[in-house]
Amino acid sequence: MSVSDEEFLDHAIFMAESLVEGVRKRSEEAGKCLDKWTVVIDADGFSIKQMTKNVLERQKIITKLFEDNYPDRLAFTYIINCSRLFRLLLNIMKKTMDPSTFSKIRILAGKEELLQYIDRSQLPARYGGTIKIDGLCDGGKIPEKYYQVERLLNSTKDWPRIEVKAGTEEFVEIEVTGGSMYLSWEFYTLKNRITFSMFYKADRNPGTSSNLILTPYKPECCLCPETGSQDCQTPGTGIYTLVFGNQTSKIKSKTVVYSVQLLNKDL
């Protein structure tokens, strides 16, 4: 874990404002109004491990940030080293992007083709340009000193923990006595993902049937805490059961750290 959603958004805003300031300075230097920017994405090394829920959600955040606050600033986005997998990601992103924004994306055959659209003086040497010192790095694994793990463990040290053994489920029951409430939850695992779902029943009578109100899914909760809420006005008062499932694992147990709160909607 490296950054929270809030820190990611803060950095995205900083990056956007830096672009605006950079364009302003270039306008002064050129003596004319420059109000657009061009983005180059090098998708080399993109793998299936990066196509997680968190990556897709954060892509939505940054796309919405730019579309809502910096409309029509984008000239074009050029993508090089675009694999079939990255093309799949683009198709997923297309559903959440403004059509005019998506129409500005161009997939190039290679870095050499960049010179057809961008002046050599504006490109780093690695991409065929003349800029020798570009301030770019080649990415790689984020140093562990930047991970959020210790911070997360310290801030949640008083939260309940449950161990979900391989091939089993664990249940957390919450009784809701007032319909005008929200049931809010947050959880994460110390290692590996776990399946999460929720059931509802009107009372504790053994003969009362349970109804599935949250379809089982497997969040990326080993990398970032998963949060959610349920409006208790529908289905109403009764017993809400959070289910943590580890049925697909034949060997590994998983530890879940969680917090559940009932929030009054009228407050």
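Predicted model: local features only at pLDDT ≥ 70, side-chain atom pairs only at ≥ 80, totals over all residues.
Biologist: Is the pair formed by Trp 185 and Phe 196 stacked, tilted or edge-to-face?

Modeller: The ring centres of Trp 185 and Phe 196 lie 5.6 Å apart, and their planes make an angle of 50°. Planes under 30 degrees apart count as stacked and those over 60 as edge-to-face, with the rest counted as tilted. The pair of Trp 185 and Phe 196 is therefore tilted.

Biologist: Why does this pair tie together parts that are apart in sequence, and by how many residues?

Modeller: Trp 185 belongs to strand 6 (residues 181-189), whereas Phe 196 belongs to strand 7 (residues 195-201).

Biologist: Is Phe 196 buried or exposed?

Modeller: Buried means under 20% relative accessible area. Phe 196 has a relative accessible area of 0%, so this residue is buried.

Biologist: Which strands are tied together by the pair of Tyr 200 and Tyr 240?

Modeller: Tyr 200 and Tyr 240 form a tilted aromatic pair, with 5.1 Å between centres and 55° between planes. The two residues are 40 residues apart in sequence, so their pair joins separate parts of the chain. Those parts are strand 7, which holds Tyr 200, and strand 10 (residues 238-245), which holds Tyr 240.

Biologist: How many bridges join strand 7 to strand 10?

Modeller: Strand 7 and strand 10 run antiparallel. Across them, Phe 196 stands opposite Phe 244 of strand 10. The number of bridges joining the two strands is seven.

Biologist: Which residue in strand 8 is the bridge partner of Tyr 200?

Modeller: Strand 7 also pairs with strand 8 (residues 211-217), in the antiparallel sense and over four bridges. Within strand 8, the bridge partner of Tyr 200 is Asn 211.

Biologist: With which side chain does the side chain of Asp 68 make a polar contact?

Modeller: Asp 68 is found in helix 2 (residues 53-69). At 48% relative accessibility, Asp 68 counts as partly exposed. Its side chain makes a polar contact at 2.8 Å, and the partner is the side chain of Lys 64.

Technical notes
Residues numbered from 1 in each chain as written. Heavy atoms only, no water. Phe/Tyr/Trp six-rings, centres within 6.5 Å; stacked < 30°, edge-to-face > 60°. Buried < 20%, exposed > 50% of the residue type's maximum accessible area, 1.4 Å probe, protein only. Pairing = 2+ DSSP bridges. Polar contact = N/O pair within 3.5 Å; in protein donor to acceptor, adjacent residues only side chain to side chain.
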